[in-house]
Each structure stands twice: as C-alpha cells, then as structure tokens.
Amino acid sequence: MEQTTEARRQTQSREWFARAQQSLVEGVNSPSRGAAVYMPGPTVLERGQGSHVWDADGNEYIDFMMSFGALIQGHAHPVIVKAVSDAAAAGSHFAAATSAEVEAAERFCRMVASAEVVRFTNTGSEATMLALRLARAHTGRRKFLKFEGHYHGWYDPFLLNAHSHPTEQLGSVENPARILDSEGIPSSTFDDVVLAPWNDEAALENILRAHGHELAAVITEPIMANMGCILPRDGYLQRLLELTHASGALLILDEVVTGFRYAPGGCQQYYGIEPDLSTFGKALGAGFPVGAVAGRRAILDRMRWGDHMVLHYGTFNGHRLTMKVIAANLDLLSAAQIYEKLHATGNAAIDGLRDVFARRKVRAIVQGFGPMFQIYFSDHEIWNYRDYCKYADTKRYSNFVHALLDRGIYMTPSNGLHWIISTAHNEDDVETLIKAADHACATLS
Ligand SMILES: Cc1ncc(COP(=O)(O)O)c(C=O)c1O
C-alpha cells in the first residue's frame, strides 16, 4: 500500500483548504486540525472504513489518530452503522425520556465500577465542567487543584498551563508560573485554581498542606494524554486519592481519553482506584459526540430538581441516536478478548517502533502501552509537563509524522497527542506502520 511522496498528490486537499479560508476561521473548526499543525496545510479526509481513511485526492492511509481517540471501533463499524441508521429512521432525538438512555446508562454503570449513576453530556468539556460544579456544590468549597500540562476541555478555569512552553517560562516546581491558554477569560477566574506539578508526591503534599482545606476537588488525567502519553509513577494515583480525601476534597478522574480504552472500566479499573467523580467522552461514543459524568449517587443527586440544586440542562443531553450508539458500542466492548487484542496490537506497534529506532540509531523513545502511546524524540523519559517542555523535540516529531503522512500513515503531527489503537487495527496495519516508520527515519536529518 505504500506510495511514494510523489504519488500522494494533495491537489484536492489544497484546493479545499484554500476555499475553506473564506468561510471558516483558519479553514477548520479547531486549530489542532489546520496549518498550525499540518504543513503546508491539512490533508482533507473524505471517507473511512475500519482502520483506513481516504483523502480528497483518493490517497489511502492507515489511521492511527482515530478522531483523537473517539473511534474505538474504527471507522464505519457495521454494528455502529446499523445502530445509527435504525435510530435515525425512528427519530434521532426527542429531548424526552427514552428507553435508549436507560439502556446506555445501565451498560455504562455495569462496566464502570465507581459509577453508581451517570449523567450524559455532549462533550468531554461539558462533563468536566459539570463535575467541577458538582464537586463545588457537594463540598461547599470554591477552589480546585489542577496539574500542569493536563487538559480538561476548553471551559474557562481549566485553561491554565495546558500548553507547552519554553522551560525558562515555567517557574519553579514549588511555585509554578501560571500561564493562561486563552484570551477572553477574566483573570479572577484563575484565583480559584491551585496549580501543581504531576507525578510528584512530595510537591503535592506540600501544596495540599497549604491549600487542601479550601479545595472542592483535585482533577487529574490518570495517564497524561495531552503531552503525548505520560504514565503515572507506581502508586502515584493511589497516593493522590488518599491525599485528596485527607483534604476533604473530591477526586475527579478525567477519563475522557482513557475511559473504555485500557479496560472495560477505564483506567480506574486498570490502576485499581475509586474516584468520587469521573468524566468520560471520546471512546464512549465511538465517533459520536458525547460526554458523561459518573460517580457516587450522593454527589450526582445534587442535580435533582429543587432548591439548591446543581443546574445541568441541555437540549441534546441523552441524544437518542447517540444513546443507541453507546449501547451498541459498549456491547461490542464487552465481548471476550477485546481488551487483550487492543493491548496486544498496541504493544506490537510499540515494540516494532522501538526496534526501528534502535536499528536506525534514532534517538527516540516510545511511551505508553497497549491502546495508546506516543513517540518522543528524546533520550530522556518524560514523566511530567516539565520533562515534556524540556526534552521532547516536537519539531523533529512533526517532521517524522509528515514523512509518515507521505507514506500512507495518518497521524497528527502534534507531539502533544498520541497514537491510538482501535478494535479495527490488525497485524497488517502494524506491519505497514513499522515499514513506513523505517522509511521515515531515513528522511530525518
Ligand atoms: C483529558 C481530556 N479531558 C477533556 C477533554 C475535552 O473533551 P471534548 O474535546 O470532547 O470537549 C479532552 C479533549 O481532548 C481531554 O483530552
């Protein structure tokens, strides 16, 4: 399937992207899809099937980005396609009580151990926003703690230190510089945010000693998925949970990326921790927009109608068509051996890439395991935001991925994201990736 760079003409992609400048800001609907990341512009995708996608010029690729992880079943899985067409034919949404939402919620609560109840939203950002509101209402406290380099969606108070910056701008570990990710947010919003370095128990203990009593919540990704793929140190998540509870705060585990990916019950199952609240999105909807907040009934019950309730409205909450997709998706994910296969395929890709880098004497490491991983052009392991800012050669990574795009591998050139294995990927896809990576290494200066 490998094609030469020359064969991969991008005439149509270029034309669409030029045309898009007239009607869309930067020609796209999110900066991560446009010229800020892809050079000289994005490959315009038109069709997907299984693990493959085709662009506007008819070029074929194996997709390892998978809609930023949303496509856990790959593209156009027949069971999902049938669920969608059946649902659409009977009415896609009523904004009324449906059996579809009950069936989706029952499956969800069966799979996620900490989910006594669940509330569906439309995106991961809405889920984290709601989780924070619930935590504030439940504890009667205002502040919350977020970690450097963690991204929890684009809701105002989360937009602190979610992007990478030169190390000299980061301040000290004891007193991290607070770097806003967006204009248009009143600076007072961040008065309620306590910022901490991740994967560092001692630093967390110190910060909680000073601020723990005023925190409604600590929010964390279980595996950092927005600085590539950074694993928690052994025992870190358990300690984080203990320290959070000792402060009287709630732990919000943001499983928007990791949920339904590492295990049927998410990273909380994989690492054996029980958060108070957790948030989901991406893989839950198998390509359809959805988010969810799950956790203890006593906390989520604060949304019950009445005085002092936590308000959560939404025309599209519990969208019927999406609920049908979720039920079908979770049934597929409950089949025997699914997670074993996801892990085996991902680990084969990781091992193959490590071999290529070793053979080609390219200074690169692969972090993560199974269904999600990232390549860093670095000699150093990356354990947190500061390591990423210091050691990850993001330019070299972008060059490498552009070389892969020319060789039939679809991936975002942004080092902050990660490679995704779906149930549609197989050994042949891994083999093609390894060959393409081998050739791409030869292009690196
Ligand atoms: C960890 C995490 N939380 C929340 C979100 C926000 O989800 P969404 O993009 O669906 O709003 C993201 C998105 O990438 C994420 O990575």
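User: Between which two helices does the loop with Val310 lie?
Analyst: This is a predicted model. One of the two helices spans residues 297–300 and the other spans 320–333. Val310 lies in the loop between them, that is, between helix H8 and helix H9.

User: Is Val310 buried or exposed?
Analyst: A residue counts as buried when its relative accessible area is under 20%. Val310 has a relative accessible area of 6%, so Val310 is buried.

User: How far apart in space are Val310 and Ala135?
Analyst: In sequence, Val310 and Ala135 are 175 residues apart. In space, taken from C-alpha to C-alpha, the distance between Val310 and Ala135 is 10.0 Å.

User: How many disulfides does the structure hold?
Analyst: A disulfide is a covalent bond between the sulfur atoms of two cysteines. Here a pair of cysteine sulfur atoms must lie within 2.5 Å to count. For Cys229, the nearest cysteine sulfur is that of Cys267, 9.1 Å away, and Cys229 is in no disulfide. The number of disulfides in the structure is 0.

User: Are Cys229 and Cys267 buried or exposed?
Analyst: The cut-off for buried is under 20% relative accessible area. Cys229 has 0% relative accessibility, so Cys229 counts as buried. Cys267 has a relative accessible area of 1%, so Cys267 too is buried.

User: In what order do the strands of the 4-strand open sheet stand?
Analyst: Strand E2 (residues 52–55) pairs with strand E3 (residues 60–63) in the antiparallel sense over 3 bridges. E3 is also joined to strand E13 (residues 409–410) by 2 bridges, and these two run parallel. The pairing in the sheet is therefore called mixed, and the order is E1-E2-E3-E13.

User: Which strands stand at the edges of that sheet, and why is one side of each without a neighbour?
Analyst: Each edge strand has a single partner strand, so one side of each is left without a neighbour in the sheet. The strands at the edges are E1 (45–49) and E13.

User: Which residue in the turn of the E2 and E3 hairpin has a positive phi?
Analyst: Within the paired strands, Val53 has Tyr61 in E3 as its bridge partner. The hairpin leaves 4 residues between E2 and E3. In this turn, the residue with a positive phi, of about 85 degrees, is Gly58.

User: Which residue in E14 stands opposite Phe373?
Analyst: An open sheet of 3 strands has the order E11-E12-E14, with antiparallel pairing. Strand E12 (residues 372–376) pairs with E14 over 2 bridges. Opposite Phe373, the residue in E14 is Trp419.

User: Which residue has a side-chain N or O atom 2.7 Å from a nitrogen atom of the ligand?
Analyst: The residues surrounding the ligand include Gly124, Tyr151 and Asp254. Gly124 has a polar backbone atom 2.9 Å from an oxygen atom of the ligand. For Tyr151, a backbone N or O atom lies 3.5 Å from a nitrogen atom of the ligand. The side-chain atom at 2.7 Å from a ligand nitrogen belongs to Asp254.

User: What percentage of the ligand's exposed area does the protein bury?
Analyst: The shell around the ligand has 3 nonpolar, 6 polar and 3 charged residues. Taken alone, the ligand exposes 390 Å². The share of that area buried by the protein is 84%.

Conventions. Residues are numbered from 1 along each chain as its sequence is written. This is a predicted model: local features need pLDDT of at least 70, side-chain atom pairs count only at pLDDT 80 or more; totals for chains, interfaces and linings use all residues. Side-chain values use heavy atoms; hydrogens and water are left out. A residue is near a molecule or strand if one of its heavy atoms lies within 4 Å of it. A polar contact is a pair of N or O atoms within 3.5 Å; within protein, one must be able to donate a hydrogen and the other to accept it, and residues adjacent in sequence count only if both atoms are side-chain atoms. Accessible areas come from the Shrake-Rupley method with a 1.4 Å probe; for residues, only the protein chains shown count as cover. Ala, Val, Leu, Ile, Met, Phe, Trp, Tyr, Cys and Pro count as nonpolar, Asp, Glu, Lys and Arg as charged, and the others, Gly among them, as polar. Buried means under 20% relative accessible area, exposed over 50%, partly exposed in between (1.4 Å probe, protein chains only). Two strands pair if DSSP finds at least two bridges between them.
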